[in-house]
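Colleague: I have some questions about this chain. Shall we take them one by one?

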Amino acid sequence: MDFGYFTLSDNRYPGNTRSAEQLIAEIYEQALWAETVGLNSAWIGEHHFNLLGVNACPNILLAKIAGATSRIRLAPAVVLLPVHHPLHVAEEWATLDLLSGGRVDFAAGRGYDKREYDPFHVSFADNQGIFEEGLELVRRLWEADGRISHHGKHYQFDDVRITPKPIQNPMPAYIGSFSKPSIELAARLGYGLIVAPFAAAMSYGGLKQVADLYNETCIKHGKKPGRLMCSYFTHFYDTPAQEKTQRDRQIRYYKECVIPALPGDPKTAPPSYTYFIDMVKRLHQVQPEQLTENSVLLGNSQQITDTLKKVEAAGFSEVILYFNVGMKPHQMVKDEMDRFMREVAPHFQGKHLERRAA
């Protein structure tokens, strides 16, 4: 099992004096540090208008990271595909794959905040259809040998060929999912799948159930199951005082960043987002002492290793680790990344062991 660095650039906290510009600079440094300590990948989120996160352009930030690294995989977490034209998306990520020497892992999703859609004049209520059409188009554009035309419900064009083409053929591609329709779409299209354990626990009972649903749906559609990944909030502690600080930090993130962004009002949530209503209700009620391995890696190195062994047994190939969550200080983030790779990662077979052996 491999491990990556992950961030949604959360910065929406009352009284916060850390600027968006400072956080993005820290994320850049943390991604470079991820390569230094041996993490496999850097997954950078996309958020708009300072509603949850502050980084709107993962492609640009990852391009800068690509120029300063040689090995680490580069990935969006995730491209908010419905607010972008698929022609632009296909061109941008193919270019990054070329310039990085074939190091891109592409991932896309629908997001969950209507306010990120409205200024772009894109229908939030119809985003499932927009997403599905766009996702199929991006792959066609990457893989087509010649020019293609398309006349769909949401996109129409004639006689188009994108350049450059990605080095990787096929480009590794994933769908970021909170919902059954997205899991089923990933299976039908033969995409890999990325899930959040806290959402998997609330919606399906756990990661194993998500893996089973995805694999069964792939078989149903005659597709070979792709790579399974999940993200985890990650906090080390060794003393009761440290434990309290870390648990409070995670609850702060839920209450001040996540809940305001999710569609939790049954009067306004589109039909494809109704599962968020119960999720928001449960997040409102969660207490620090109730945080478990279903949502967060919390504890010393042995405790975190024990949780990840269960994730490995469920069939997941990579875990991307959200260290810089909840206003965690920059140096502390780097220290935890280093500790993870020294004390936890060696207990798992993965590319990190190959690099250490070399």
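Modeller: A term to begin with: a residue is buried when its relative accessible area is under 20%, and exposed when that area is over 50%. Keep in mind that this is a predicted model.

Colleague: Is Gln 246 buried or exposed?
Modeller: Gln 246 is found in helix 8, residues 240-261. Leaving aside neighbours within four places in sequence, its contacts include His 235, Leu 298, Lys 328 and Glu 336. The cut-off for buried is under 20%. With a relative accessible area of 1%, Gln 246 is buried.

Colleague: Which residues does His 330 contact, leaving aside neighbours within four places in sequence?
Modeller: His 330 lies in helix 11, residues 330-343. At 16% relative accessibility, His 330 counts as buried. Beyond those sequence neighbours, the contacts of His 330 are Glu 26, Glu 29 and Gln 30.

Colleague: How many residues are in the largest nonpolar core?
Modeller: In soluble globular proteins, nonpolar side chains tend to be buried together. Here, buried residues make up 56% of the 358 in the chain. Phe 340 is among the core residues with the most contacts inside it, and touches Phe 3, Ile 304 and Leu 308, among others. The largest nonpolar core has 124 residues.

Colleague: What is the radius of gyration of the chain?
Modeller: The chain has 12 helices and 12 strands. For 358 residues the globule rule gives 21 Å, and the chain comes close to that, so it is as compact as a globular protein of that length. Its radius of gyration is 19 Å.

Colleague: Ser 9 has a positive phi although it is not a glycine. Is Ser 9 buried or exposed?
Modeller: Its phi is about 55°. Ser 9 lies in the loop between strand 1 (2-7) and helix 1 (20-37). At 1% relative accessibility, Ser 9 counts as buried.

Colleague: And His 121, buried or exposed?
Modeller: His 121 has a positive phi near 55°. His 121 is found in the loop between strand 5 (106-109) and helix 4 (127-143). At 74% relative accessibility, His 121 counts as exposed.

Terms used:
Residues are numbered from 1 along each chain as its sequence is written. This is a predicted model: local features need pLDDT of at least 70, side-chain atom pairs count only at pLDDT 80 or more; totals for chains, interfaces and linings use all residues. Side-chain values use heavy atoms; hydrogens and water are left out. A nonpolar core is a set of buried Ala, Val, Leu, Ile, Met, Phe, Trp, Tyr and Cys residues joined through side-chain atoms within 4.5 Å. Buried means under 20% relative accessible area, exposed over 50%, partly exposed in between (1.4 Å probe, protein chains only). Contact means heavy atoms within 4.5 Å. Helices (H or I, at least four residues) and strands (E, at least two) are DSSP runs, numbered from the N terminus. The radius of gyration is taken over C-alpha atoms; the globule rule is 2.2 Å times the number of residues to the power 0.38.
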